[in-house]
Amino acid sequence: MKELAQIASAVRVSSTMAIDALAKQMKADGIDVIGFGAGEPDFNTPDHIKAAANQAIAGNVTRYTPASGTMELKEAVCRRMKEDCRVDYTPSQVIISSGAKHCVYLSLRALVNPGDEVILPAPFWVSYLELIKMVGGVPVVVSAGEAAGFKMTAEQLAAAITSKTKALILNNPCNPTGMVYSREELAAIVKVCVEKDIYIISDEIYYGLLYGGVEFASVASFGEDVKERAILINGVSKSYAMTGWRIGYTLSSEKIAKVMGNFISHSTGSPSSVSQAAAVAALTGSQECVETMRRAFEERRNYIVERVNSIDGVSCIKPEGAFYIMMNVEKLMGRTIHGEVIGSSDDFSAALLKHGLVATVPSSGFGAPNFVRWSYSTSMDNIRKGMDRLEEFLKG
């Protein structure tokens, strides 16, 4: 038989999905595992959103919609983005797709030719690297360490740009670090992108989950020069606890939006009509549900950061958004814990799962060796137990 496609064969499984699947299987086998792996809110989808979906089903809103989404949802996206992020777009500049991850893929498809370079600040969400490779692009990883708050500088960006550079992927607030670029930091990065004429794919899906009075700035709010080069990625998964509904959206120039819309029409087709109706309710209804979740996440963040930094051998800096911490395990390298030699963050996560019954994600897949990501999108009770288990595990 002929060989499979080289690009497809080179794609690696998502480390976050793999850890989550393993933890769920252990639970199914009756093992008391506490999972801190998946980036998924533990809250239920708010009732008024579910009611809108039920109403859509009862009203037979169950057929194909336009490939790039309904006009009602596009208008709702424009209103929400103007109110929350102070950016102005028209419905013709909005694309609705089957989740924010699919939106990133569509953006890369619209921009990147085989061999084009895409700059990716590290630590990065594991899927970005694979998505770049899936379209034939070349990832150019720019590392931003813990001492720099895990944030790439404008100077680092400028140094990484070559004649082959097509785009930058920026995730703000960031998964896996939870860090947020200030308006001043973004202004410097945007200036470089405009001067060097490169696109920005700005994944802003966690913008509603900020803590400690930190303010969010969208890259598109810095003027028309950057707005015409930007593709904003967003969706309803994180702020509205709608991960399974699979609705994401992009905001861009009409030219880029048309290309992405054409691509959808020949690939996935329109997103779920029922999910789109639910997303309209999410974006146009009361936003108190977002604030309720945000406050809960902030309380959990404060607790888990304090606990981690009280335990010998591990530490973390305080994230400003999303629902993740990056735990530094560098001091544990070379140690033997419960008979397991810890030579990497992968070794640590495997040993903690096996002996401590706690599932975390090693950050080697995020371009951050010697760190482990914990998602605090779980109950405070689980967080307390998880921290107790971590402390007990490290005594071994």
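Two strands pair if DSSP finds at least two bridges between them. Helices (H or I, at least four residues) and strands (E, at least two) are DSSP runs, numbered from the N terminus.

**Entry 1: ground rules**

I am looking at a predicted model, in which local features need pLDDT of at least 70, side-chain atom pairs count only at pLDDT 80 or more, and totals for chains, interfaces and linings use all residues. Residues are numbered from 1 along each chain as its sequence is written, and side-chain values use heavy atoms, with hydrogens and water left out.

**Entry 2: the sheet of three strands**

I looked up the open sheet with the order β9-β14-β13, and its pairing is antiparallel. Its edge strands are β9 and β13 (361-362), each of which pairs on one side only. Between β13 and β14 I found 2 bridges, and these strands run antiparallel. Which residue of β14 is the bridge partner of V361? I found R373 there.

Next I checked how covered β9 (residues 324-328) is, and 5 of its 5 residues are buried. For my own reference, buried means under 20% relative accessible area, exposed over 50%, and partly exposed in between (1.4 Å probe, protein chains only). I saw Y324, M326 and N328 pointing one way from β9, with I325 and M327 pointing the other way.

I then followed two pairs of strands. β2 is joined to β8 (residues 248-251) by 4 bridges and the two run antiparallel, with I96 opposite Y249 in β8. β5 and β6, in contrast, pair in the parallel sense over 5 bridges, and I169 stands opposite I201 in β6. Strand β6 (residues 199-203) is mostly covered, with 4 of its 5 residues buried.

**Entry 3: helix α5**

Does α5 lie buried or exposed? I counted 9 of its 12 residues as buried, so the helix is largely enclosed by the rest of the structure. Among the buried ones are H102, C103, Y105 and L111.

I also checked its length.

**Entry 4: cis bonds and positive phi**

I found a cis peptide bond from A122 to P123, with omega near 5 degrees. P123 lies in the loop between β3 (117-122) and α6. The bond from N172 to P173 is cis too, with omega near -5 degrees, and P173 sits in the loop between β5 (165-171) and α8 (183-196).

N60 is not a glycine, yet its phi is positive, near 60 degrees. I placed N60 in the loop between α3 (47-58) and α4 (71-85). F150 has a positive phi of about 60 degrees and is not a glycine either. F150 belongs to the loop between β4 and α7 (154-160), and at 5% relative accessibility it counts as buried.

**Entry 5: S275**

Where is S275? I found it in helix α11 (residues 273-284). At 8% relative accessibility, S275 counts as buried. S275 and S98 are 177 residues apart in sequence and 9.5 Å apart in space, C-alpha to C-alpha.
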